[in-house]
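Q: I would like to go through this structure piece by piece. Could we begin with the loops and then turn to the helices?

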Amino acid sequence: MMQTLPTLEHLIALSDDTGIIQHAVEDVPNRSTGYCTDDVSRAFMVALARLELEPRSVPAKRLASTYLSFLHDAQMPDGRFHNFMSYDRVWLDDVGTQDSFGRACWSLGYGMRHAAKPSWQRVCERLLSRALPAIGELEHPRSKAYTMIGLSLALQATVKPEVEAQLRLLAENLKNAYLATRDADWQWFEDEMTYDNARLCEAMLRAGLALRDDELIAIGLRTFSFYERVVVEHGIFVPIGNQGWYRRGGLRARFGQQPLEAAAFVDASLVAYECTGDPAFQAAAQIGLEWFYGRNLCGLELVRNGGSCDGLEASGVNANMGAESTVAFLSSAFALAERPAKALQVAK
């Protein structure tokens, strides 16, 4: 196994001078599916992460600039964002989903903290500031969690009372959801685990660090430990599948396993490590990354040419390689590459 970073080959294949195409037929971009703010936001963070690891990467610089330009165009005058754009660059919605708003805020906060160029940092700050008034409209826990992660990162870049105030409100809301739902056998924010689950824990941990709030950190660690017990079986990551999810008191779905679950698990594990210094959380992050490389229920690798297949079914790997899956893989690999002593950096 080579100790090198994964190639950007498939990310580049999916991207053009507009953004990143949503879906693919195997490894061939499916132009008819167009673009979405959800995917561009996450791809922007991946490009910035690559630049931190490889500052002279010309492809990563071009991709980051293209993705940020897309986000700038996606924002509406009231601070909200469009989500879906057709291949011929026509916005297809009146306003985007709450999740796409949250992911856009997340990427802008990340850009404020990690962008390689001061001009990119300033543009991210401008767009995030414009989005702040719309945060109060968020209703869904994951949309709030994505936004919390972005605001927490923004506070690492600059101290702004209005950002801190919004973060406190969202953190209090998610904390109250946990307190209203938990019991001795169910340490969670909702009555059902669905998609991108570990982001809820990550949001509490990041907010706790940013706000210096030990209660938020404690809730984040408690819920992540509960989640980890559900999804790690004999050292293998087994995410909640989308073919039925996992309702309290019911049976958890084991297939329809999605790459975004592994990416969220990696990130939450690393933030938990940051909070505690416990190396067990580093080991957990490694388990999440290894899911892509075949340490999963089927023993099948999902990584091809720097991209990831779209999921794991009982029948095997979904061979399509869309934007969400590829970005999930690269973000996980890059997150662990920043910790080379613990990383699995396999070139594909």
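Q: Where is Glu26 found?
A: In this predicted model, Glu26 is in the loop that joins strand E1 (24-25) to strand E2 (28-29).

Q: What is its phi, given that Glu26 is not a glycine?
A: The phi of Glu26 is positive, at about 55°.

Q: And how does the accessible area class Glu26: buried, partly exposed or exposed?
A: Glu26 has a relative accessible area of 47%, so it counts as partly exposed.

Q: Which loop holds Asn305?
A: Asn305 lies between strand E9 (303-304) and strand E10 (307-308). Asn305 is not a glycine either, yet its phi is positive, at about 50°. With a relative accessible area of 35%, Asn305 is partly exposed.

Q: Turning to the helices, which one contains Leu14?
A: Leu14 belongs to helix H1 (residues 9-14).

Q: Is Leu14 buried or exposed?
A: Leu14 is buried, because its relative accessibility is 0%.

Q: What is Leu14 in contact with, leaving aside neighbours within four places in sequence?
A: Its partners are Gly19, Ile20, Ile21, His23, Ala24 and Pro29, together with Met321, Gly322, Ala323 and Thr326.

Q: On to H3. How does its length compare with what 1.5 Å a residue would give?
A: Helix H3 (residues 58-74) has 17 residues and should span 24 Å; its end C-alpha atoms are 25 Å apart, so the two values agree.

Q: Which residues of H3 are buried?
A: They are Ala60, Leu63, Ala64, Thr66, Tyr67, Leu68, Phe70, Leu71 and Ala74.

Q: What do those buried residues pack against?
A: They pack against H1, strand E3 (35-36), helix H2 (37-53), strand E4 (84-85), H4 and helix H5 (118-131).

Q: How many residues of H4 are buried?
A: In H4, 15 of the 17 residues are buried, so the helix is mostly covered by the definition of buried as under 20% relative accessible area. From its first C-alpha to its last, H4 reaches 24 Å, close to the 24 Å expected at 1.5 Å a residue.

Q: What about Arg103: buried or exposed?
A: Arg103, which is found in helix H4, is buried, with a relative accessible area of 4%.

Q: Which residues does Arg103 contact, neighbours within four places in sequence aside?
A: Arg103 is in contact with Asp38, Ser41, Arg42, Tyr146, Tyr195, Asp196 and Leu260.

Q: And His114, where is that placed?
A: His114 is also placed in helix H4 (residues 98-114). Its relative accessible area is 18%, and His114 therefore counts as buried. Not counting residues up to four places away in sequence, His114 touches Glu52 and Leu153.

Q: Now the helix pairs. At what angle do H6 and H7 cross?
A: The axes of helix H6 (residues 141-157) and helix H7 (residues 161-181) cross at roughly 145° and come within 9 Å. Their crossing is left-handed.

Q: Which residues make that contact between H6 and H7?
A: H6 contributes Pro141, Lys144, Thr147, Met148, Leu151, Ser152, Ala154 and Leu155. H7 contributes Val163, Glu164, Gln166, Leu167, Leu170, Ala171, Asn173 and Leu174. By class, the contact of H6 with H7 has ten nonpolar, four polar and two charged residues.

Q: How are H7 and H9 oriented to each other?
A: The axes of H7 and helix H9 (residues 214-231) cross at roughly 50° and come within 11 Å. H7 and H9 are therefore oblique to each other, and their crossing is left-handed.

Q: Which residues form the contact there?
A: From H7 they are Ala171, Lys175 and Tyr178, and from H9 they are Glu215, Leu216, Ile219, Arg222 and Thr223. The contact of H7 with H9 divides into four nonpolar, one polar and three charged residues.

Q: Last one: how far is Ala218 from Met204 in space?
A: Ala218 and Met204 are 8.6 Å apart, C-alpha to C-alpha, and 14 residues apart in sequence. Ala218 lies in helix H9 and is partly exposed, with a relative accessible area of 29%.

Key. Residues numbered from 1 in each chain as written. Predicted model: local features only at pLDDT ≥ 70, side-chain atom pairs only at ≥ 80, totals over all residues. Heavy atoms only, no water. Axes fitted to C-alpha atoms, helices over the stretch in contact; angles between N-to-C directions. Helix = DSSP H or I, 4+ residues; strand = E, 2+ residues; numbered from the N terminus. Left-handed = near helix turned anticlockwise from the far one by under 90°. Contact = heavy atoms within 4.5 Å. Nonpolar A, V, L, I, M, F, W, Y, C, P; charged D, E, K, R; others polar. Parallel < 35°, antiparallel > 145°, perpendicular 65-115°, else oblique. Buried < 20%, exposed > 50% of the residue type's maximum accessible area, 1.4 Å probe, protein only. Expected span 1.5 Å × (residues − 1).
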